[in-house]
Amino acid sequence: MTTILDVQQLHVHFPVSSTIIRAVNGVDITIKQSETLAVIGESGSGKSILGLAILGLLPANCTANGIIQYRGDNLLTLPESELETIRGREIAWVPQNPAGAMNPLMTVGNQIGEPISLHIEKDKNKVRKKVLELLQFIKITPPEERIDSYPYSFSGGMLQRSLVAMGIAGRPEILIADEPTKGIDVMNKQAILSFFQTLHEEGITLVIITHDLLFARNIADRIAVMYCGRIIEIRRKQEFFNEPLHPYSRGLLRSLPENGLYPIPSGTEEIGDDGGCKFRSRCTCATERCREEPQLITLLEGSAVRCWLYD
Ligand SMILES: Nc1ncnc2c1ncn2[C@@H]1O[C@H](COP(=O)(O)OP(=O)(O)OP(=O)(O)O)[C@@H](O)[C@H]1O
Ligand code: NI
């Protein structure tokens, strides 16, 4: 399969008072055209910052280094004007927090239509027709009655689905969605799952950032696990759920209700940036060697783990 996005040695650092938060700390990941990749990992592991770095939407108070190769360009060094033409049209972002992400003073229809009129179609009537189709697709019905509504009149699930519609309105090659199922009920989750499946069938490359392992299992071709700003395991979905390799991944799966809800132990000591494995204070398999940072060890094509157990 062809590579659509190649991230190499990505670092995103936030200098905060006397220290540096290494939100993304050396991520290497190759995303294949038309695959669905789920990025999982606990809160603060750097998932959203990784997504924002790809979109060129990082906050101003950070520094980013490395390579994000897309069609011959390093997105990290591309001028803002060029990033603007890529954003929405080629790579789109579905942000977390639907309520905060929409403009309360603009109708939902106009917001969904914006990427279409920016990138695809100037004719207002044709844009409206496309927005109606999108509303139908995300099951906000009847579209004719909903298109001129303001966000306050939508439920959380409807707003979340509207954000997905905004993301796909510009017909992007790559859609990156940040926690698309957060805080929504089972019905809405099911609806989001089926839109993503349809998009996947249409060949759109999907990167889904999620806490929800079961959602990841339903939707993904591959699973990438982040821990402290690094990818510690990336595997085909089936392999990952059958036999997770990294001790942290094994802990994640054991914490699922169906596997007994065993919690991952919290660390006994705070591990600073001493160059060793960040998980070692919580790891039951840790040895002396783990004071040294493990490399990402490639197992098969597209499959790797960062742990000395597999060296
Ligand atoms: N604007 C910022 N200034 C300083 N630190 C930040 C900023 N944004 C994020 N961080 C830090 O970067 C790290 C990674 O954050 P990120 O939002 O990517 O985590 P996440 O994996 O998406 O977490 P969650 O699952 O809670 O969304 C965290 O330690 C966070 O505190
Ligand atoms: Ni996040």
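This note goes through a predicted model point by point, from its domains to its strands, helices and ligand shell.

1. Basis of the model. Residues are numbered from 1 along each chain as its sequence is written, and chains are lettered from A and ligands numbered from 1 in the order in which they are written. Because the model is predicted, local features need pLDDT of at least 70 and side-chain atom pairs count only at pLDDT 80 or more, while totals for chains, interfaces and linings use all residues.

2. Domains. The protein is divided into domain 1 (3-90 + 173-310) and domain 2 (97-171), with bounds that come from an automatic or database domain assignment. The C-alpha centres of domain 1 and domain 2 lie 29 Å apart. The contact between them takes 13 residues from domain 1 and 14 residues from domain 2, where two residues are in contact if their C-beta atoms, placed from the backbone, lie within 7 Å.

3. The side of domain 1 that touches domain 2. Here β7 (174-178) and α8 (186-201) each supply at least two residues, and the largest share, five residues, comes from α8. Helices (H or I, at least four residues) and strands (E, at least two) are DSSP runs, numbered from the N terminus. By class, this side has eight nonpolar, three polar and two charged residues; Ala, Val, Leu, Ile, Met, Phe, Trp, Tyr, Cys and Pro count as nonpolar, Asp, Glu, Lys and Arg as charged, and the others, Gly among them, as polar.

4. A residue of α8. Ser 194 has its place in helix α8, and it counts as exposed because it has 12 C-beta neighbours inside 10 Å. A residue is buried if 20 or more other C-beta atoms lie within 10 Å of its own, exposed if 12 or fewer, and partly exposed in between, with C-beta atoms placed from the backbone. Ser 194 and Gly 72 are 122 residues apart in sequence and, C-alpha to C-alpha, 33 Å apart in space.

5. Strand β8 and its partners. Five of the five residues of strand β8 (residues 205-209) are buried, so β8 is largely enclosed by the rest of the structure. Both of its faces are covered, with Thr 205, Val 207 and Ile 209 on one side and Leu 206 and Ile 208 on the other. Strand β3 (residues 36-40) runs parallel to β8 and is joined to it by four bridges, and in this pair Val 39 has Ile 209 as its bridge partner. β7 also pairs with β8 in the parallel sense, over five bridges, with Val 207 as the bridge partner of Ile 176. Two strands pair if DSSP finds at least two bridges between them.

6. Strand β10 and its partners. Six of the seven residues of strand β10 (residues 230-236) are buried. Strand β9 (residues 222-227) runs antiparallel to β10 and is joined to it by six bridges, with Tyr 227 opposite Arg 230. The two strands form a hairpin with two residues between them, and Cys 228 in the turn has a positive phi of about 45°. Two bridges join β10 to strand β12 (residues 303-305), again antiparallel, and Ile 234 stands opposite Ala 304 there.

7. The open sheet. Four strands form an open sheet in the order β2-β1-β4-β5, with antiparallel pairing. Its edge strands are β2 and β5 (73-74), each of which pairs on one side only. Strand β4 (residues 63-70) pairs with β5 over two bridges, and Gln 69 stands opposite Asn 74.

8. Seven of the nine residues of helix α1 (residues 47-55) are buried, so α1 is largely enclosed by the rest of the structure; Lys 47, Ile 49 and Leu 50 are among them. Gly 56, which follows α1, has a positive phi near 70°. Of the 15 residues around ligand 1, Ala 23, Ser 43, Lys 47, Ser 48 and Ile 49 come nearest, a residue being near a molecule or strand if its C-beta atom, placed from the backbone, lies within 6 Å of it. α1 gives the most to this shell, with three residues, and the shell divides into six nonpolar, eight polar and one charged.

9. Helix α4. The buried residues of helix α4 (residues 108-119) include Val 108, Ile 112 and Ile 116. What covers the buried residues of α4 includes α5 (124-137), α6 (143-146) and α7 (156-169).
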